[in-house]
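Reader: I would like to go through this structure with you, beginning with the contacts inside one chain and then turning to the pairing of chains. Could you take me through it?

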Protein chains: 2
Amino acid sequence: MSYVAPVKDMLFNMQHLANIDQIAQLPGFEDAGFDTAQAVLEEAAKFTQEVLAPLNWEGDKAPSSWADGKVTATAGFKEAFAQFVQGGWQGLQHPTDFGGQGLPKTIGSACGEMQNSANMSFALCPLLSDGAIEALLTAGSDELKATYLENLVSGKWTGTMNLTEPQAGSDLAMVRSRAEPQPDGTYKVFGTKIFITWGEHDMAENIVHLVLARVSGAPEGVKGISLFVVPKFMVNKDGSLGARNDVHCVSIEHKMGIKASPTAVLQYGDHGGAVGYLVGQENRGLEYMFIMMNAARYGVGVQGIAIAERAYQKAVQFSKDRVQSRPVDGSIAASAPIIHHPDVRRMLMTMRAYTEGCRALSSVGASAYDNAHHHPDAEVRKTHQAFYEFMVPLIKGYSTEMSLEVTSLAVQVHGGMGFIEETGVAQYYRDAKILTIYEGTTAIQANDLVGRKTARDGGQTAKAIVSQIEATEAALLQSASSHAVAVAKRLKAAREALVDVIEFVAGNTKASPNAVFSGSVPYLMLAGNVMAGWQLARALLVAQEQLAAGVDNAFMQAKITTARFYADHILVKAPGLRDSIVEGADCVTELALDAF
Amino acid sequence: MSYVAPVKDMLFNMQHLANIDQIAQLPGFEDAGFDTAQAVLEEAAKFTQEVLAPLNWEGDKAPSSWADGKVTATAGFKEAFAQFVQGGWQGLQHPTDFGGQGLPKTIGSACGEMQNSANMSFALCPLLSDGAIEALLTAGSDELKATYLENLVSGKWTGTMNLTEPQAGSDLAMVRSRAEPQPDGTYKVFGTKIFITWGEHDMAENIVHLVLARVSGAPEGVKGISLFVVPKFMVNKDGSLGARNDVHCVSIEHKMGIKASPTAVLQYGDHGGAVGYLVGQENRGLEYMFIMMNAARYGVGVQGIAIAERAYQKAVQFSKDRVQSRPVDGSIAASAPIIHHPDVRRMLMTMRAYTEGCRALSSVGASAYDNAHHHPDAEVRKTHQAFYEFMVPLIKGYSTEMSLEVTSLAVQVHGGMGFIEETGVAQYYRDAKILTIYEGTTAIQANDLVGRKTARDGGQTAKAIVSQIEATEAALLQSASSHAVAVAKRLKAAREALVDVIEFVAGNTKASPNAVFSGSVPYLMLAGNVMAGWQLARALLVAQEQLAAGVDNAFMQAKITTARFYADHILVKAPGLRDSIVEGADCVTELALDAF
């Protein structure tokens, strides 16, 4: 098997760090306790391992292809998608009102990780549908909901997000696509959208594009952008499909990775105008788009964890099979599998620690989301919402940045074989590089972290979250095991470094924006590092308890070692990052432009 | 122009850090002063920019191809290679006795950087020829020298290194290729060699393979390996080419990068045995191969610098052209080129600082090599040799590891466009990944650093080199500029961290090999970081003097800022690395094998 879903680790996180049993007490989640989680995850594991994983390399070898405006997915993808729909996987987290299963994000995001580990190109399609569903649920009229949601939730139709234009990448103020109001209340949409993931394909009957455009006469900048539904095929009153709409795929990109996922250039309105339906109110498009983006940003963070896990598994397998050289400690008197070499261990432990740390963080983040949306107490919802919003840029930014390092290490473990495409690990290295870019680059996540999540309230939310770490430090010191004490030391140093930086950011964003934004990405990396390290520290405490109770010794021992490794090899970077941010800002922007 | 050679920076390094004028006083290098360096570099810049650079992307789009045992290089490569030969570039550093120009490595390595920036796939071919030339010069008989060297030095023929076999990658003890002595003093060579760079091609009339094999009855392990010359075409007494030898290219690899460089599987002896000529003595092959390897390792380090420079230039260009969003400091009231955004600056400065730091280190290393080989005083030669040997694993390991980060940042600066192959920057990301693998992975370099370069003499050489940094710190403090003082602070902390690690390595390699080798790569990264940072600190001092003298203000200002950036954003990582190595060793190898 090329991928084995880490069900045990996911359940450990849900049970001990994300409190799945507490979530099961929230209204609407009554059936979503540990047993449900276990059953769903085991089913998801089976499907992703057996159906999706074997197609991953196929998609790299024979990418989705374009001809005469039509995109044909890699052979096997259409059938796999039919199985995906059949299994009800698209609707896992969506409301039962529209045919979904209404499960918490805490469970759904683990299934998302599996899909992405198994086949990231494939999993992008449902990830984008999720965004479209969220936007319609939040801002769509009853008519739009009635027309589109059921088929999106079932997976019969898929969804897309259309933001980018050639001149407008991260800068949505520059969006030029336009929408002309029609007497019947619809709009005619015109423009070119690029980088549209699964913007055209043959896996579903219809594609529901969510498109940013300007209504004629709208204000300039981001305050004049509206959001429209533009279906590929018009939908008749009875729900059957009607005429082809005036949106056409004029080409797909030739990319470094995620090749099976077609990245479309979509042309709207070349034949009279694409029929579009306004979502919510005019000029509030950006706000609605952020609903999709925030869901997608969390989802992309999970993609980082997912590809890191897959790369880790492949590296482990290779390092157990490949025989080269004698161990340095003389423990084996002949050439041995390379996993016996300390540096191979160091690489594997680095991969493992990053992946487990970010997985734990994503699980805790999902749990906060579920509480923020379902807790009966408004104050509690608010606290969880603030926590979740602080975590989203970290989960997106840090988990994807770490996935670059992890996939690079996976190639490295393979030595020369890693560079040969047929080995398969190079694909992960190429695929992963999109993750730090799409749905907002790491710098865009860092802007969000600095601006909305830190400076806006003077760092209060950030500091309140960080102060919770002190309790974990105290518990570690109290437990007094050597690993716990060592982790406490690193965690304390890291937390203090983070507090310094939060104060620096909160105190200087207005007066010295260049200085603060010079360190925005390092701040994101520091905060992500501390948050993931904190979750592993919590995991260590749980594992010590479980070990004392004699539960699953091997797993718990490994968790403790992994947490210790994270602390000494990853969390340990925190003070250096603090120094770079707080003391090293000026030289970042000092060089004269023409000296570059 | 897609590449502009950094001639000014190279000449700055040669003049002020590598003491080219001192090298010009060494016997044999009388004409190799600053003026010669400048003239040669300007000529090299012209050739690489105009001839090699435009072919780089062509080679990625249309890799060298195999058919019926023959490899055809990417269109244009053969003609470019003819121009390379015509220009005498292959012989730049080789002895005038064999038609070379006899220039110092200090000059040659800068030209090598340019070739590799312009076209890494192309430049690999002469890099391997250099290795073959070195091996023959050192260990070849007069007859072998007479037969092969002149044509290798001119570039009429090219050379290869044949080490790897399917079961023997880093572990040469497992080499199985065999050589049977013949009555006429030649050998018949049999076996399969893989990963042979430019092992077959149509750019030169003949290919001179240097092949590791075991003479029948030789001892097992690395002590039974001999080195052979196996020409593709036999060479007649009069120097003309004779029959085709029994070495055949049965396939080439499908790789993630450096696609224009054919990576051959060579089959020796399937039709009766390939005629081989022993180099030096039987069973001393590994020793001779190390001559080639050491030259090649330095050369691969330069490749890391080269591809980092090319990626940096592309990112700078894009960031000046691409317009997105307003600057955070309000300095421009409209969307601006992204180079105005602090995080883009941070990425560009990171790329620049790494590249300039490693370039300075490579220049200083080359200068030590020249002194080690040409200085009239044996004691001085010995000191320089020790310095050079300590630097080789750092130049190879650190410069290539940093090139992964730099090429990744280059893609990142491009945003979504970076992931589209036609943009061209993805190629650098893919190409660079081989550099930390071939000619010995980073772990192999680190083993060399730990074993031969540190533990063997109890850390004496290492500490002697490191102690020289104190003088630089003192000079920085004396100069009292704010940048100098800030750099001194980081340099001191980094040096102290490195000394701690050297002592840890020297003191524990024998007793606790697992603990030491768990930190071997972090030690390499720390040492490389400190050495490159040291050179930039020296550069800062020079730049301050030059600035005071009114020389080239803009360049000197930029050098000072770059050195400061390196200190605060890269050198600052040193104490964390120390902690990981010295305090974090145990958990690296603690996890049970079956827990992976």
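**Contacts within and between chains**

Author: In this predicted model, domain 1 of chain A and domain 3 of chain A bury about 700 Å² between them, with 64% of that area on carbon and sulfur atoms.

Reader: Which residue ranges does the domain assignment give for chain A?

Author: The assignment gives domain 1 as 7–64 + 74–151, domain 2 as 157–283 and domain 3 as 455–586.

Reader: And how many residues does the contact take from domain 1 and from domain 3 of chain A?

Author: Domain 1 of chain A gives five residues to the contact, and domain 3 of chain A gives nine residues. The centres of these two domains, taken over C-alpha atoms, are separated by 30 Å.

Reader: How many salt bridges are there between domain 1 and domain 3 of chain A?

Author: The count is two salt bridges. In a salt bridge between side chains, Lys8(A) meets Asp552(A) at 2.9 Å, N to O. Three residue pairs, both at pLDDT 80 or more, are in polar contact between domain 1 of chain A and domain 3 of chain A. On the side of domain 1 of chain A that touches domain 3 of chain A, there are two nonpolar, one polar and two charged residues.

Reader: What area do chain B and chain A bury between them?

Author: They bury about 7600 Å² between them, and 61% of this is on carbon and sulfur atoms. The contact takes 88 residues from chain B and 88 residues from chain A.

Reader: Which three residues of chain B supply more of the buried area than any other three?

Author: Those are Phe419(B), Tyr429(B) and Phe596(B), which supply 11% of the area that chain B buries against chain A.

Reader: What about charges: how many salt bridges are counted between chain B and chain A?

Author: Six salt bridges are counted between chain B and chain A. The side chains of Glu583(B) and Lys489(A) form a salt bridge at 3.0 Å, N to O. Across the interface of chain B and chain A there are also 52 residue pairs in polar contact, both at pLDDT 80 or more. By class, the side of chain B that touches chain A has 37 nonpolar, 27 polar and 24 charged residues.

How values were computed. Residues are numbered from 1 along each chain as its sequence is written. Chains are lettered from A and ligands numbered from 1 in the order in which they are written. This is a predicted model: local features need pLDDT of at least 70, side-chain atom pairs count only at pLDDT 80 or more; totals for chains, interfaces and linings use all residues. Side-chain values use heavy atoms; hydrogens and water are left out. Domain bounds come from an automatic or database domain assignment. Contact means heavy atoms within 4.5 Å. Buried area is the accessible area (1.4 Å probe) that two parts lose on being put together, summed over both. A salt bridge is a side-chain nitrogen of Lys or Arg within 4 Å of a carboxyl oxygen of Asp or Glu. A polar contact is a pair of N or O atoms within 3.5 Å; within protein, one must be able to donate a hydrogen and the other to accept it, and residues adjacent in sequence count only if both atoms are side-chain atoms. Ala, Val, Leu, Ile, Met, Phe, Trp, Tyr, Cys and Pro count as nonpolar, Asp, Glu, Lys and Arg as charged, and the others, Gly among them, as polar.
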